[in-house]
Amino acid sequence: MLDLIRSSGPISRTDLAARTGLTAATMSNVARQLLEEGLIRETGLGQPKGGRPVVLLEVDNSARFAVGVQLGGESVTYVAVNLAGDVVGRIRSAGAGSNEPATMVSGIVAQIHRMLVGLGIDEERVVGIGIAAPGPLDVSSGTVLGPPHMAAWHNVPLRDLISTATGWPVAFDNDATAAALGDFWSGATEGARAHATIYLGLGLGAGVLVDGTVFRGASSNTAEIGHIVVASDAAGRPLIAEDVADPGAVVRAAWAEPSEARRLGLSGDDFGQFIAIAKAGARGDAYATRLLEASARYLGIAVTSLANMFDLDSVSLAGPGFATAGATYLRVIDAMVNRDFFAKSQHGVRVRLSPSMQDAAAVGAAALVLQSELAPRTMGLVGHST
């Protein structure tokens, strides 16, 4: 009911009863409970449909907040989201990289508290924290199993560590799946029957929604697009998308011509060098553009395979890797998918940049909390409460 008021309000009790099939008496009881909890409020009068005007209900957006944390090897993003799903504040800090998990966890907790204090949000109004992390994961136990780009993170019970340190309920999911939920929450998937969000950080991933429900597979490690074979090397060995399309692969390709890499001023960690290449490409540098287009073509092969497997009609590109180079990837991937898609005679595939882009996984993680703690829906969500 809360989610219906959030998405459709201001709305009358009568219209709510008609939308849900509940009786007027049941609707009045539910509305009274939500009013007493401060989650909704009465706001003015609606146009009468014969008889007296009706009182309208809407969600009190500032009644509750959720925190979303997007953990990556390249960066960590924190967002605070209100009941309307609006981002009211964000912080971005250095990524996990090779840092020890215990150090990172204490830093994450401290950053969350600093953000809330800076925003003036009473922590009593925070319903919980959502954590989005790169796979592979054991979502049921909240454990990070060993992401390729986070060397020290093996079998880390991240969900329980954050919950114990803060006392808040914690929801936990794959970053690409969370990004897809972030797109769903923001309305970017409206009208789509089968949607995938392609997530590019240091690695590659995808989250798939079918009729608004997360497709999880057997262990919630589905749609690992970075592990689709897209090419072969000189010896005929298969190459997966992450071998040739992720930021590290772009940097390696750049250094195949050292003079060009030095001309671009490449130095430091892989992601920083990738961003330098992306910025050069945005300025029109021909060598940088060729590198990005080569990466995009390999990724386009993988996205087309995913579109064919799930009969997708919607794809969005999200994550810090697309923040600067998104226009190039969008142009190449859109052309490839809609040229090679098997069911193109039946429908096209809408390919676009995520409206949340860098924050999509953090927004989706916060949405996990709002949905699981306040307005559960059949979206395949996995949460945990202390």
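Colleague: Is Phe 215 buried, partly exposed or exposed?
Modeller: In this predicted model, the relative accessible area of Phe 215 is 37%. Buried would require under 20% and exposed over 50%. Phe 215 therefore counts as partly exposed.

Colleague: Which aromatic pair geometry do Phe 215 and Phe 310 have?
Modeller: A search of the whole structure finds 3 aromatic pairs. In the pair of Phe 215 and Phe 310, the ring centres are 5.1 Å apart and the planes stand at 75°. Planes over 60 degrees apart count as edge-to-face, so the pair of Phe 215 and Phe 310 is edge-to-face.

Colleague: How many residues apart are Phe 215 and Phe 310, and where do they lie?
Modeller: Phe 215 is in the loop between S13 and strand S14 (229–232). Phe 310 belongs to helix H11 (residues 286–310). The pair thus links distant parts of the chain, with a separation of 95 residues.

Colleague: What is the centre-to-centre distance of the aromatic pair formed by Phe 322 and Tyr 329?
Modeller: Phe 322 and Tyr 329 are both buried. Their planes are 75° apart and the pair is edge-to-face. The distance from centre to centre is 5.3 Å.

Colleague: Is H11 roughly parallel or oblique to H12?
Modeller: H11 and helix H12 (residues 322–340) pack with their axes 8 Å apart, at an angle of about 50°. Angles under 35 degrees would count as roughly parallel, and 65 to 115 as roughly perpendicular. The angle falls between these classes, so H11 is oblique to H12.

Colleague: Is the crossing of H11 and H12 left-handed or right-handed, and how many nonpolar residues has the contact?
Modeller: The crossing of H11 and H12 is right-handed. Residues in the contact include Leu 292, Leu 299 and Val 303 of H11, and Phe 322, Tyr 329 and Met 336 of H12. By class there are 5 polar and 4 charged residues, and the number of nonpolar ones is 13.

Colleague: Which residues does Gln 111 touch, not counting residues up to four places away in sequence?
Modeller: Gln 111 sits in helix H4 (residues 101–119). Its relative accessible area is 16%, and the cut-off for buried is under 20%, so Gln 111 is buried. With residues up to four places away in sequence left out, Gln 111 touches Tyr 78, Ile 91 and Ser 93.

Colleague: What separates the C-alpha atoms of Val 156 and Gly 142?
Modeller: Val 156 lies in the loop between strand S9 (143–144) and helix H5 (158–166), and at 6% relative accessibility it counts as buried. Beyond four places in sequence, Val 156 touches Pro 101, Gly 142, Thr 143, Val 144 and Leu 161. Val 156 and Gly 142 are 14 residues apart along the chain, and their C-alpha atoms are separated by 8.4 Å.

Colleague: Is Met 357 buried or exposed?
Modeller: Met 357 has a positive phi of about 45° although it is not a glycine. Met 357 lies in the loop between strand S17 (350–353) and helix H13 (360–373). Its relative accessible area of 14% is under 20%, so Met 357 is buried.

Colleague: What is the phi of Asp 211?
Modeller: Asp 211 lies in the loop between strand S12 (204–210) and strand S13 (213–214). Asp 211 is partly exposed, with a relative accessible area of 47%. Although Asp 211 is not a glycine, its phi is positive, at about 55°.

Key: Residues are numbered from 1 along each chain as its sequence is written. This is a predicted model: local features need pLDDT of at least 70, side-chain atom pairs count only at pLDDT 80 or more; totals for chains, interfaces and linings use all residues. Side-chain values use heavy atoms; hydrogens and water are left out. Helices (H or I, at least four residues) and strands (E, at least two) are DSSP runs, numbered from the N terminus. Buried means under 20% relative accessible area, exposed over 50%, partly exposed in between (1.4 Å probe, protein chains only). Rings of Phe, Tyr and Trp (its six-membered ring) pair if their centres lie within 6.5 Å; planes under 30 degrees apart count as stacked, over 60 as edge-to-face and the rest as tilted. Axes are lines fitted to C-alpha atoms, for helices over the stretch in contact, and angles run from 0 to 180 degrees between N-to-C directions. Angles under 35 degrees count as roughly parallel, over 145 as roughly antiparallel, 65 to 115 as roughly perpendicular and the rest as oblique. A crossing is left-handed if the near helix is turned anticlockwise from the far one by less than a right angle, and right-handed if clockwise. Contact means heavy atoms within 4.5 Å. Ala, Val, Leu, Ile, Met, Phe, Trp, Tyr, Cys and Pro count as nonpolar, Asp, Glu, Lys and Arg as charged, and the others, Gly among them, as polar.
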